[in-house]
Amino acid sequence: LSPLQGEVCNTINKKYSEFLPGVRSAEELAARVDGLSGSIDLLAAGIEKEVQRDLNVAVAEFTELKQQLERDTLVLSILKKLQEFDTAIKEYNTALLEKKYVAAAQQLEKARSSLKMLESRKGFELKILKALGIELTVQTQNMLYHLGEEWQKLAAWKLPPSKGKNSSLESVMHSELHLRTVPSKEEDVAGPPVASVLQAFAVLGELHTKVKIFGQLLLKYILKPLILYPSLQPLTEEQSDAFILRFKSEEPNLDHSSPVEVFDKIKLIFEVLHKYLLNVPLDPPVEDKKECRIILAELLGDMIWEELSDCLIQNCLVNSIPTNSSKLEQYIEVIKSTEEFEKALKNMQFLKGDTTDLLKYARNVNSHFANKKCQDVIVAARNLMTSEIHNTVKITPDSSVALPKLPDPAAGDDLKVQKTSKLLPNDMVNLENETRLSQYTFSLPTCRISSSVEKLMELAYQTLLEATTSTDQCCIQLFYSVRNIFQLFYDVVPTYHKENLQKLPQLAALHHNNCMYIAHHLLTLGHQFRYRLTNILCDGAATFVDLVPGFRRLGMECFLAQMRVQKGEILERLSSARNFSNMDDEENYCAANKAIRQVLHQLKRLGKVWQDVLPVNVYCKAMGTLLNTALSEIVTRIAALEDISAEDADRLYSLCRTMVEEGPQVFTPLPEEDKNKKYQEEVPIYVQKWMTFKELMIILQANLQEIVDQWADGKGPLAAEFSAAEVKSLIRALFQNTERRAAALAKIK
């Protein structure tokens with residue numbers, strides 16, 4: 001070998017000699033590990049077989065023991081609660097026998113608490129619990145029965161037999177309340193004091209129920225009767241062991257009690273209750289320990305005050321609201337009395353907190369006065385509107401509404417005028433026109449109106465006069481109430497009296513006059529009060545002029561509707577005249593004569609019905625229109641005839657003469673006969689066809705030459721009433737076809 005190869009071999013041998021011991025040590029260690037691993041496997045197998053089994057047994061035993069402990073603890077607690085329930089019931093019975101009602105009630109509540117705890121245990125139901133619940137209910141009712149007996153001794157009611165929901169004065173007179181007086185500490189009185197009974201009720205949670213029942217009886221048989229019956233007076237009687245509250249009746253001075261008297265009566269009742277029954281502070285029930293002590297008076301007040309105050313307002317304060325603004329100052333006494341009444345109730349702890357609705361109502365008297373006044377005005381107005389229309393009064397230009405003289409809005413103006421006139425020179429020329437209008441120029445003409453409407457207008461004036469002395473708000477309400485009166489009239493009267501206004505001519509005429517009368521006053525009504533009302537209304541709002549056209553239209557439409565009815569009846573009667581043809585037939589003549597007579601009878605009846613009702617000018621225009629309708633119809637029918645014999649002409653003339661002679665007699669506007677002649681002579685003014693009718697009569701009796709003369713080449717009186725065609729038609733009907741007729745017809749053009 002070469003030297004290099006020898007050196008490598010030596011190195012390898014050296015490394016091998018160093019590596020061999022390590023390999024041997026590793027092999028020995030591996031052998032030991034394998035042995036140890038085998039031992040561990042044997043040990044683990046042993047643990048799994050023996051130790052784990054023992055451990056599982058121990059855990060199972062522990063779990064069973066734990067569950068047994070829990071069951072035993074639960075049973076123990078249930079037995080403890082059962083023991084507590086039994087103990088509470090026993091102590092309750094003992095306390096009840098000794099009439100220690102508070103202690104007895106507390107024991108019952110303990111028993112109830114124990115039973116609730118037992119019943120709350122889920123999955124652990126005992127049949128005995130149902131029996132215990134029944135026993136607790138029985139004992140509670142027994143306790144309440146005994147407390148009820150004691151309560152009836154403390155506050156005993158003697159009530160009349162119930163005969164309905166509302167109590168009459170006679171039945172209330174038999175009502176009594178007996179209150180056992182509270183014994184002092186020094187006195188040894190058998191039976192529990194009032195505090196014990198009421199505290200027991202509180203513990204059992206029945207106090208509110210008892211107080212509520214007592215409050216309802218108090219309202220029905222004592223408080224409300226004192227408000228409703230002015231003659232009823234509370235009468236008290238104090239005995240050795242009781243205080244008796246009953247009633248006596250005195251003759252009342254007024255239909256309604258004054259608030260001051262009512263407040264004094266009710267205050268007396270509350271003072272008695274506070275002294276002998278309710279002045280006992282009570283502890284709240286156990287579960288309400290956080291609350292303050294119970295105040296019986298406050299509890300009763302909370303339950304009855306709302307109903308009591310409503311009754312006081314509706315049946316006492318409402319009736320005391322003044323009906324006249326001049327009496328408003330006197331109402332301060334009522335407000336003070338209300339304040340004192342509430343203050344007294346607060347001192348006795350029946351009331352708490354701020355001002356109640358009762359005092360707010362009393363202090364708001366101005367608003368209530370305005371509302372009541374407006375309501376009274378509207379009710380009075382509606383009663384007048386629904387009263388009979390036919391009761392009338394006569395209105396003349398001198399008539400005026402019965403109203404006190406209004407104060408002068410500018411009293412200083414007269415003085416200014418007088419002072420100025422003194423400064424004028426003596427030789428100053430007066431440029432004023434000496435011709436003056438009549439004082440009646442703008443007056444309503446003489447006529448009749450319904451007395452209810454006159455009263456209605458007086459009501460409006462009086463209400464506005466009341467407004468001038470009222471507060472601003474009240475003034476505005478009263479002013480608009482007056483406007484509402486007239487708007488109500490516009491809606492109510494035509495509807496309420498509709499049938500009579502359609503059937504009865506006189507009522508239609510009265511309604512026409514009523515509307516014109518109201519419209520006449522509305523023209524100046526606002527102006528008269530303009531500067532005497534509140535400033536809000538002085539800027540042009542205080543006016544009624546806007547209502548005037550509506551009222552005039554309302555009256556005119558009603559009367560024109562009646563005129564149309566009368567016209568229809570006239571035309572219907574004339575339709576039975578058989579067109580005034582063949583008057584030589586007696587039957588036809590009788591029919592025509594009957595129709596004329598019926599028309600005249602109708603007009604005469606209307607003339608009497610409207611006499612002294614309508615203004616003369618309206619009367620004459622209305623009668624003239626109806627008579628004109630009849631004449632116009634007769635002229636039209638006769639002018640349409642194609643053949644009129646001499647006998648027909650004579651009979652037609654006779655019928656027309658009847659209309660001319662008797663027609664003016666229907667014009668009787670005034671009751672005095674001698675004054676009616678003037679209007680009967682003026683018939684042509686009111687009857688448009690009067691002259692036409694008279695010209696027709698002339699034609700019926702004239703010969704051809706006379707007719708031609710009346711025509712006078714279209715310039716005569718006949719031409720003024722008839723057309724050439726109408727005259728020619730009449731000539732052809734009256735005269736036979738001859739040369740003379742032809743010549744006459746030729747001249748009519």
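**The nonpolar cores**

Tutor: The largest nonpolar core has 128 residues, and those with the most contacts inside it are M143, L207, L223, L273, F486 and F489. Such a core is a set of buried Ala, Val, Leu, Ile, Met, Phe, Trp, Tyr and Cys residues joined through side-chain atoms within 4.5 Å; buried means under 20% relative accessible area, with a 1.4 Å probe and protein chains only. Helix α8 (residues 296-320) supplies the largest share of this core, 12 residues; helices are DSSP runs of H or I, at least four residues, numbered from the N terminus. At least three residues come from each of domain 1 (41-145) and domain 2 (169-182 + 192-328 + 335-353), with bounds from an automatic or database domain assignment.

The model is predicted: local features need pLDDT of at least 70, side-chain atom pairs count only at pLDDT 80 or more, and totals for chains, interfaces and linings use all residues. Residues are numbered from 1 along each chain as its sequence is written, and side-chain values use heavy atoms, leaving out hydrogens and water.

Beyond its neighbours within four places in sequence, L207 is in contact (heavy atoms within 4.5 Å) with L198, F201, A202, L282, I294, L296 and L299. Apart from this core lies another, of 72 residues, including A509, M583, V683 and W711.

Helix α23 also has buried residues, among them W690, F693, L696 and L700. The buried residues of α23 pack against α19 (616-639), α20 (646-662), α22 (683-686), α24 (704-711), α25 (717-721) and α26 (724-734).

Note on methods:
Buried < 20%, exposed > 50% of the residue type's maximum accessible area, 1.4 Å probe, protein only. Helix = DSSP H or I, 4+ residues; strand = E, 2+ residues; numbered from the N terminus.
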